Amino acid sequence: MKKHITIYDKYIFKQVLFATTVAILLFIIVWIAPEMLLKVIKGVLSGDITPYTGMLILVYEIPKILGKAFPVGLLLGSLFTFDKLSKDSELTIFRAVGMSFGRIIRPVIVLSLIITIFCFITYDKLIPHSCQKLLEIKERNPVTQFIYTQKDENNNPLESVIVSKFMNNKMNGIIIMNFNDQIFSDLHGLEQLYIAKSGVMGKTPDGKSCWKLYDITSYNINSDGIFNEIRKISHKDILIGDVAENAYTLMVNSTKKEREITNKNLKSYVKLLKKESLDDEYRLFLNKYLQRYLHPLVCILLALLGCILGFSKPREQRLIGFTIAIGFIFVYYITLPFFDLLAEKGVLHPIITASFPPLAFLAATMMFYKSRDI
């Protein structure tokens with residue numbers, strides 16, 4: 001028998017879509033109103049920003065909220081719709097004509113799949129784009145200090161580069177330490193020290209990537225750790241080849257949060273962190289990368305949970321289902337930073353920390369389904 005869209009499908013789809021949209025809008029308003037809106041209003045009244053700029057700031061803040069609002073909206077939207085259908089005895093009629101639970105919730109599953117796609121796109125494209133636009137509007141450029149150490153195959157340091165200030169792709173106050181083979185206790189001896197006033201990412205004459213340093217003071221150090229020669233150098237190329245690009249990528253991303261990076265760049269960054277043996281950062285960003293794919297799936301689970309909680313008896317208190325739903329939302333978002341910390345510190349593997357919340361929702365959904373007479 002060929003499947004087709006029925007009047008019932010359209011009716012349920014529209015009802016849940018409307019309720020979900022209202023829930024998402026309310027979530028955005030509640031999230032944005034207390035502090036964010038107040039800051040923008042103060043900025044406009046004080047003359048620091050124009051009303052147009054203030055509107056742009058609020059618009060570009062919305063994608064960050066939408067990522068959290070989609071699952072919440074689906075849960076509350078499906079719960080409200082099915083609770084209303086239960087109270088009006090419509091679900092009883094649907095069951096009486098032979099419709100199974102799976103057939104009844106089919107339009108909701110279709111809607112949740114659509115919103116899941118939107119949720120994924122929001123985290124992959126919209127949020128990184130909006131974060132970049134907010135930095136441009138506020139004319140704020142992150143300033144960072146950065147340390148990069150190049151090591152040999154035995155994990156011994158060859159060269160350390162310390163960037164005192166990095167902003168707008170320009171480096172200032174760069175210190176380069178070249179190590180020798182001498183080891184004093186847990187320290188490696190120095191043979192050369194360079195201090196450059198400025199530097200940029202560039203190319204060598206043969207086209208390889210490098211860091212170009214300018215206005216340099218060079219210090220030669222003898223085996224006793226004493227400067228035996230000090231001289232001035234106009235320019236010098238360091239970190240030749242792939243190592244230059246790797247170090248530059250690490251420095252640029254050190255100022256960014258996970259949400260400011262697209263999926264493609266985040267995947268490359270995770271691989272680079274692993275290659276450079278930056279274990280804490282690697283585990284944290286791998287956890288965040290996996291969440292990019294698992295978090296949108298929560299939309300489907302929460303939509304299903306909302307339908308189950310909405311299957312209530314005519315005299316059952318509506319407050320019970322909504323209380324349980326709000327409790328699930330609170331637990332989910334309050335525990336995400338905890339799992340991030342467990343991944344970063346290596347207590348649990350990032351695969352476990354990223355997948356545990358969706359699996360917990362799946363288990364809870366199955367539990368409620370079995371406990372209710374549906």
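**Reading aromatic pairs and a hairpin**

Tutor: By the ring-pair rule, the count comes to 14 aromatic pairs. This is a predicted model: local features need pLDDT of at least 70, side-chain atom pairs count only at pLDDT 80 or more, and totals for chains, interfaces and linings use all residues. Residues are numbered from 1 along each chain as its sequence is written, and side-chain values use heavy atoms, leaving out hydrogens and water.

Student: What makes two rings a pair?

Tutor: Rings of Phe, Tyr and Trp (its six-membered ring) pair if their centres lie within 6.5 Å. Planes under 30 degrees apart count as stacked, over 60 as edge-to-face, and the rest as tilted. Take Tyr332 and Phe361: 5.2 Å centre to centre, 55° between the planes, so tilted.

Student: Where in the chain do Tyr332 and Phe361 sit?

Tutor: Helices are DSSP runs (H or I, at least four residues), as are strands (E, at least two), numbered from the N terminus. Tyr332 is in helix H10 (residues 318-344) and Phe361 in helix H11 (residues 350-371), 29 residues apart.

Student: Is Phe339 buried or exposed?

Tutor: Buried means under 20% relative accessible area, exposed over 50%, partly exposed in between (1.4 Å probe, protein chains only). Phe339, at 10%, is buried. Phe338, at 48%, is partly exposed.

Student: How do strands E1 and E2 pair?

Tutor: Two strands pair if DSSP finds at least two bridges between them. E1 (residues 144-151) and E2 (residues 157-167) pair in the antiparallel sense over seven bridges. They form a hairpin with five residues between them. Asn155 in the turn has a positive phi of about 70°.
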